[in-house]
Each structure stands twice: as C-alpha cells, then as structure tokens.
Amino acid sequence: MERKVRVRFAPSPTGPLHIGGVRTALYNYLFAKQLGGTMILRIEDTDQGRFVPGAEEYIIDSLTWLGIKFDEGVHVGGPYGPYRQSDRKPLYRQYADQLIANGWAYYAFDTPESLDEIRKSFEAEKKAFQYDVTTRLSLRNSLTLSQEEVNQLLAENHPYVIRFKMPEDEDIIVNDHIRGRVVVHSKLLDDKVLFKSDGMPTYHLANIVDDHLMEISHVIRGEEWLPSAPLHVMLYKAFGWEATMPEFAHLPLLLKPDGNGKLSKRDGDRLGFPVFPTQWQDPKTGEISSGYRESGYFPEAVINILAFLGWNPGTTQEMFTMEELIKAFSIERISKSGAKFDLEKAKWFNQQYLRQHNGEELAKLFMPVLIEKGINITSDKLAVICDLVKERISFVKELWEQTYFFFNAPESYDEQVVKKRWKEDTAAHLDSISAILEAVEPFETTIAHDKVIAYIQENTLNMGQIMNCLRLVIVGAGIGPDLFTIISLIGKEEAIKRIKKGINEIKI
RNA sequence: GGUCCGUUCGUCUAGCUGGCCCAGGACGCUAGGUUUUCAUCCUAGAAAUCAGGGGUUCGAAUCCCCUACGGACUACCA
C-alpha cells in the first residue's frame, strides 16, 4: 500500500539549532519534496525546564534563510495542528490512560530522591540500576501496591509518573532504512517514563502519539535516537498502531573535526567555524555564537556542504542546487558512519558559489561595507571592481582586502616585496614612469601601458622588477588584478600621487 | 558497566548483487607551467597493506566469525 509521504522535523526549543539538526531537517525536506510529500515542523517542548525564549523563532528563521520550507507547522498552521506539543498537552493524558487500562503501563510513585538513592546503592555494588522487569516489583508502583492504596495515593494527589511496562521476553525488531534490521531483546530495556508528574508527556509518548495523529510516514532523525527506537516500536504495538507505524531512518552523527565525538555547540568557536546556521545570542548569558550567515556563507553553499556530509550522489558531481538535490537524493545512499566537518572543503564550496554571482550582485552585498567605511562609489563601478577580484576570494567579506586599493592609497608597503624588488635605482625609474603617465593626455590606459613597456625595453630593464615596484606603490602589496586596469580605475592623478608617495616613503 | 551502531588516503567519500580495485573522485598538501604580483587556471605527484586476525572461495575492501578501537544511548531531557 502506497501511503502519502509525510515527514516531520521535530526540534526542541532549547537553544539554537546546530548544523547536525539542520542536516536532519534538510534530509527530511529532500526526501519529502522528491516524493511530493509533506514537510512538517513540530516543536517538541515537553520539557518546560529547558525552554529557551527565542529558540523557536531562531529555528524558523534559520531554516527559512537556508530555503528549507514547511508545508505544515507552528508558523504556517495546517490540518493536523496544533504543532507545538505544549499546545497539545490535554491530548496526551488519554493515551497514557489507555495504556494503563490495557496493562501496557502503570503508575509509579517513587520519588526522584528515592530512585537516586537506589541508583547510588546499586553503584556501590558496581551495578547499574534500571527501572525494569527485574526491579519494578520491588518499587512503589501500581504493580506492587494494592488497588486501594493506588486509588488513595491518586486521590491524595501524590506525585506520580506513568511508566511503560516493557514486556519480559520479546525480540523487538527495528527496520531501519540505513542500518538494516536491528534486533533488541525487550528484557534489556527499561520501563521508560511516558507521562511526567508535571502533567506533560515525555518525548517518547508525545512523539509516538503525534507521529500517529499527524500520519507521519517516515521518521528521519539522528542516530542518537536509535537506542530508543525499540521502545517506540513497542509503543506502536501497545497502541495497536503497528499497521501505520512510520518507517525509520537513523542518520549518522556529525562529529567534531578534531578527535572524536558528537559535534557540540562549544566546538564551533573553539575550532573557528560556525556550528549554527545563523548567529545566536544566548538570552541568559548574552554569549554570542557565530553563524554561517554572519560568517559570509551563502545559504546555497551551506545546503550543498551539509548535503554531502553523510550522503553522496554516487557520481562525481559535487555542486548541487536544492532542486538538483531533491532529484538526486536517496536514503539508500546515506552513509552509516559519522562525518567530520571539513572547514577547508566548506570554504571551497563557498568559493564556488561566490563565483556564480556576477559583479553586480557582489557589489550589492559589498556596498554596505563601503558605506560603513565612508567610501562613496557608484554601484556600476563597484560591480566592475567586484568582477575583477571575485576569483581571488572565497567570501564576500574578503572583498575589502582585495579591493581597498581602489578606494585608498596604501598606508604601508609589504616589506617582503620591498625587500625583494626595491633596488637603488627604483625610485628614479618610477619617477620617470610618473612623468610618462603625466604626459599621456587624454589619459588612455592602453597608451600608458605601451609607453611604460617601451620605457622598460629602451632602458633594458627587468620587466618584473619595474612592474612589481609600480604595483607596490599603487597597491601597497604584491596582490591584485592587472595593474593598468587598477590605474585606469583610480585615475591618472591618483596613480601619480601614489607613485610620489611611494618614492618618498619607501627606503632601503 | 550494559545495550546498540560504526571502522576505505589528513578530511568527505566511490566501492554495496565477490574478479574491471596492487582501490577511483573531491578538498587539502607538494612540484611544475601560465601570469608584470597575488589569486585563479592547467599538468603532474605524494597520500588508504581497505582497523587487526581467522575463515568461505579458484579469487574478498566486498560474504561469515572473533578481537580491537571509536561513538551513541543508558533522566520525571529531547
């Protein structure tokens, strides 16, 4: 039976979304769009204690920036709402009750403190405590208490949780699209809390209920969920929803670039690359974490980079637009092992995307920087300049260091170049060249160029020697595009001024 | 500790139905070339005894087993 593809991205609003989460969202999106399915954003905020203001808005904004769009969700609505679990709160209780009625769950009155104590005493004996089939009959719950006691405790409003009663002897099979068939025996699993004493469901209950109610067809999520997948499968069985249970795909983790381990929020700024799509300021501490957007990455590049972290098309094509990714994507081609983020490759991707922008577009992005610096220039002229230097940079923010000399005379001169090129007679030759430029009237760059070349040849000078020194006084360093193109853009007067300035300031 | 997942060049990876693989591509790196400089670009090169060990087979990176290592999970967090 073919069923409608409906996938969800279900973050919890506990802070900014990191790139591992973004990749999960992306893969869900690619999968859904390829199959003409529906992409849903559901906010999993069942933990009131970890709620961070602004996080939900952040998630929506950053995914919007990246071009990951939702068909249903907190921000766009839809027929399966509400899409925020805290808004669905009244809904969950009945499902927990249903499980209790069917013998799949029970009340547990143990306090967190008493459980902690038991845990400690187990540890003292080098054993790990688990609330499971081996221990539940020695704890305070509706399995060990009489019906009357339970009723009384409930009537007296004693705090309690509802736990899942994991079967004693059953092989639980999780069919995963990436890992294959994973079998876990039920006796190894614990009686997870489904319903908390604060009246909220835990992730486990809420996610099964919501996925079922929202008719989710495929659950594509991070590998960190794989250990709890057997519990989820059991829950579907307990509810009698096996027939419509979603298919699973557990994505490999994104690892720290150095060493091993899951990429964490702290790694980014420590290693010099963003872990977040856009900048985030912690509302409590005020601490700022950098984002791809602010670091100068194009959203298309970030998508491309992320798509390739754990997936490949099986061809040698590396540059993919979102449309192309939607066509090419397949869960079967997702790798099993974790991937480390490679900063150099990320830069390369951005460079490729930067080149796809013409001068006009780059000028638009660069203009605000110049305005900030108090530089006046027409966008037409800036477009020409951007076109001239775009092959030399990977990020828009590098534009300044490749173009400053179009706007300002050099403040200093690259010592390496001075040392290598500046000779005793350099000043004299540059003085002559200055005079040659002066004499070209009206000023035509090609004529000026030819005359300078002629001067070099007539005096049997070293071409590189003279040209590099001329560049040094004009630019201040051994960088930049064709020198005479630069001169034509800054103009004759400015060029001559810079030559004289250089002659004055450069001493050997 | 227990459970589960993973392991091919520095990194991302191709390889999945065994022979075309003494392992291919990309980034990075090195060298040479182009260029008046830098960058780009072009060419070449180094770089994985396919984690290790056992099988199965005429033949294994590819199938099976064991070991090692790494990771995730192990909360009234998601």
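I began with one residue pair: Ala108 lies opposite Val161 of strand E5. Helices (H or I, at least four residues) and strands (E, at least two) are taken as DSSP runs, numbered from the N terminus.

I noted the source next: the model is predicted, so to speak of local features I need pLDDT of at least 70, of side-chain atom pairs pLDDT 80 or more, while totals for chains, interfaces and linings use all residues. Residues are numbered from 1 along each chain as its sequence is written, with chains lettered from A and ligands numbered from 1 in the order in which they are written.

**Sheet**

I looked up the partner of E5 (residues 161–164): four bridges join this strand to E4, and the two run antiparallel. Strands count as paired if DSSP finds at least two bridges between them. I recorded an open sheet of three strands, in the order E4-E5-E8, with antiparallel pairing. Its edge strands are E4 (105–108) and E8 (193–195), each pairing on one side only.

**Helix pair**

I then turned to H13 (residues 379–389) and H14 (residues 399–407), whose axes come within 10 Å and cross at roughly 125°. Axes are lines fitted to C-alpha atoms, for helices over the stretch in contact, and angles run from 0 to 180 degrees between N-to-C directions. H13 is therefore oblique to H14; angles under 35 degrees count as roughly parallel, over 145 as roughly antiparallel, 65 to 115 as roughly perpendicular and the rest as oblique.

I listed the contacts (C-beta atoms, placed from the backbone, within 7 Å): Ile385, Cys386 and Val389 of H13 meet Leu399, Gln402, Thr403 and Phe406 of H14.

Conventions
Contact = placed C-beta atoms within 7 Å.
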